[in-house]
Amino acid sequence: LYVLFSSSFYLGLAGYHFKYLYPNSPSLNIYLVVLILLNNIMIPLFIMEFLQITRKRKFLYWFGMGLVIFFALLLVASFFIPFGLTVVIAQTTSLIECTYAFLAGVMSLRSKVFNARFFLPAWILFIISLFIFILTDQNVLPSNFFNSHSLFIGHMAELLLISFALADRINQLKKENETKQKQIIFQLEENEKIQLKANRELEQKV
């Protein structure tokens, strides 16, 4: 869902939604903010799942859930408040969400969560690209190819690193499953030996 909503937003931002879905209704472009907010709801949920953040890690868990609730409420409110105001609020709070992602990555790395070693550099790249994009959008930085497309470039780099992390996690799970299977087989063999020994002793007694 994170990849789906973020990709859909970037396609809309590049003008593909308008070009192919509603070329005669440019007013529908204002609903791109809905995709932003849906993506912002998915990000904390994805982070908590990916970094195995549960209620035991209270600060990160409730910080993430607070962001989910906030963006869900803002999503509902976006249908009633001006488009420009919604965008400003969404952009500002997106920076808070990026801060959460960075903190989650650092704290998970310290807690020796396996996926954090890929997650943290991926999000650092994305945060840098987000800052460049926002500053370019606000005319603080000059508009050129890299600055104007920094969000796309950063997001693709982030997804590439997270893909490596997912592949690594799958390999790790396979190794763990193989180890567990060997332990189960060993235990079954031991149980069989114990049962055979017990049967022999019983036969001798009989």
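A pocket here is an open set of points on a 1 Å grid over the protein atoms alone, where a 1.4 Å probe fits, with protein on both sides within 12 Å along at least five of seven lines. This is a predicted model in which local features need pLDDT of at least 70 and side-chain atom pairs pLDDT 80 or more, while totals for chains, interfaces and linings use all residues. Residues count from 1 along each chain as its sequence is written, and side-chain values use heavy atoms, leaving out hydrogens and water.

**View 1. The largest pocket has a volume of about 510 Å³.** That volume is the space filled by probe spheres set on the points, which are joined across faces, edges and corners. Its lining (residues with an atom within 4 Å of a point) takes in 28 residues, and Phe9, Ile36, Gln91, Phe133 and Leu151 sit closest to the centre.

**View 2. Helix 3 passes helix 8 in a left-handed crossing.** Left-handed means the near helix is turned anticlockwise from the far one by less than a right angle. Helices are DSSP runs (H or I, at least four residues), numbered from the N terminus. Here Phe46, Glu49 and Phe50 of helix 3 meet Ile162, Ala165, Leu166 and Arg169 of helix 8, with contact meaning heavy atoms within 4.5 Å.

**View 3. Phe119 and Trp123 lie four residues apart in helix 6.** That spacing separates Phe119 and Trp123 by about one helical turn.

Conventions: Helix = DSSP H or I, 4+ residues; strand = E, 2+ residues; numbered from the N terminus.
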